[in-house]
Amino acid sequence: MSIQQTDVLYTAVATAENGRDGRVATDDGRLEVVVNPPKEMGGSGSGTNPEQLFAAGYSACFQGALGVVARQEKADISGSTVTAKVGIGRNTDGFGLIVEISATLPNLDAATARALLEKAHQVCPYSKATRGNISVTLA
């Protein structure tokens with residue numbers, strides 16, 4: 001379910017110069033990074049790249065969603081981490097992405113951890129935005 005403009009609580013604004021081989025900065029100056037294609041894609045690899053930025057955002061968002069569902073389930077996720085692996089590759093119409101989300105939940109058994117991951121995947125805004133568009137697996 002999408003939200004309406006009147007429902008927006010915050011809007012992030014970032015501007016890119018020269019696409020994948022330039023720089024990206026937010027309007028508030030809190031983030032300014034050089035972006036370069038990775039060596040695996042023929043670039044210098046000296047800066048970050050859009051896939052790393054997406055992985056950073058997705059992992060942080062998913063960790064937040066995990067916290068929401070953990071509180072609902074009264075589960076202890078202290079000391080937990082979430083890792084997002086974002087791959088890019090060629091597909092039939094250019095390039096596409098693939099994502100793998102994994103988490104370390106040291107205070108939970110495997111079944112409880114898996115159930116929380118699946119619930120977090122249903123409420124995470126990044127997961128909602130990518131659902132049906134790219135392959136996202138929970139590891």
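What is the volume of the largest pocket? In this predicted model, the largest pocket comes out at about 300 Å³. Its lining is made up of Tyr-10, Ala-12, Val-13, Ala-14, Thr-26, Leu-31, Leu-53, Phe-54, Ala-56, Pro-125 and Tyr-126. Two elements give two or more residues each to that lining, namely helix H1 (50-73) and helix H3 (125-130). Of the contributors, H1 gives the most, with three residues. Sorted by class, the lining turns out to have 10 nonpolar residues, one polar residue and no charged ones.

Some of these names come back when the aromatic rings are looked at. A search through the whole structure turns up three aromatic pairs. One of them joins Tyr-58 and Tyr-126, with 5.5 Å from centre to centre and 40° between the planes, and the pair is tilted. Tyr-58 sits in helix H1 and Tyr-126 in helix H3, so this pair ties together parts that are 68 residues apart in sequence. Tyr-58 has 0% relative accessibility and counts as buried, whereas Tyr-126, at 31%, counts as partly exposed.

Next come the charged side chains. The structure holds seven salt bridges. In one of them, Glu-51 meets Arg-20, and their closest N and O atoms are 2.4 Å apart. Glu-51 belongs to helix H1, while Arg-20 is in the loop between strand E1 (14-17) and strand E2 (22-26), so the contact ties together parts that are 31 residues apart in sequence. Glu-51 has a relative accessible area of 8%, which means that Glu-51 is buried. Arg-20, at 31% relative accessibility, counts as partly exposed.

Another salt bridge links Glu-32 and Arg-23, at 2.8 Å from N to O. Here Glu-32 counts as exposed, at 54% relative accessibility, and Arg-23 is partly exposed, with a relative accessible area of 26%.

Finally, Glu-100 pairs up with Lys-85 in a salt bridge whose closest N and O atoms are 3.8 Å apart. Glu-100 is in strand E5 (residues 94-104) and Lys-85 in strand E4 (residues 81-91), so this pair ties together parts that are 15 residues apart in sequence. With a relative accessible area of 29%, Glu-100 is partly exposed.

Conventions. Residues numbered from 1 in each chain as written. Predicted model: local features only at pLDDT ≥ 70, side-chain atom pairs only at ≥ 80, totals over all residues. Heavy atoms only, no water. 1 Å grid on protein atoms, 1.4 Å probe; cavity = no way out; pocket = protein on both sides within 12 Å on 5 of 7 lines; lining within 4 Å. Points joined across faces, edges and corners; volume = space filled by probe spheres on them. Helix = DSSP H or I, 4+ residues; strand = E, 2+ residues; numbered from the N terminus. Nonpolar A, V, L, I, M, F, W, Y, C, P; charged D, E, K, R; others polar. Phe/Tyr/Trp six-rings, centres within 6.5 Å; stacked < 30°, edge-to-face > 60°. Buried < 20%, exposed > 50% of the residue type's maximum accessible area, 1.4 Å probe, protein only. Salt bridge = Lys/Arg side-chain N within 4 Å of Asp/Glu carboxyl O.
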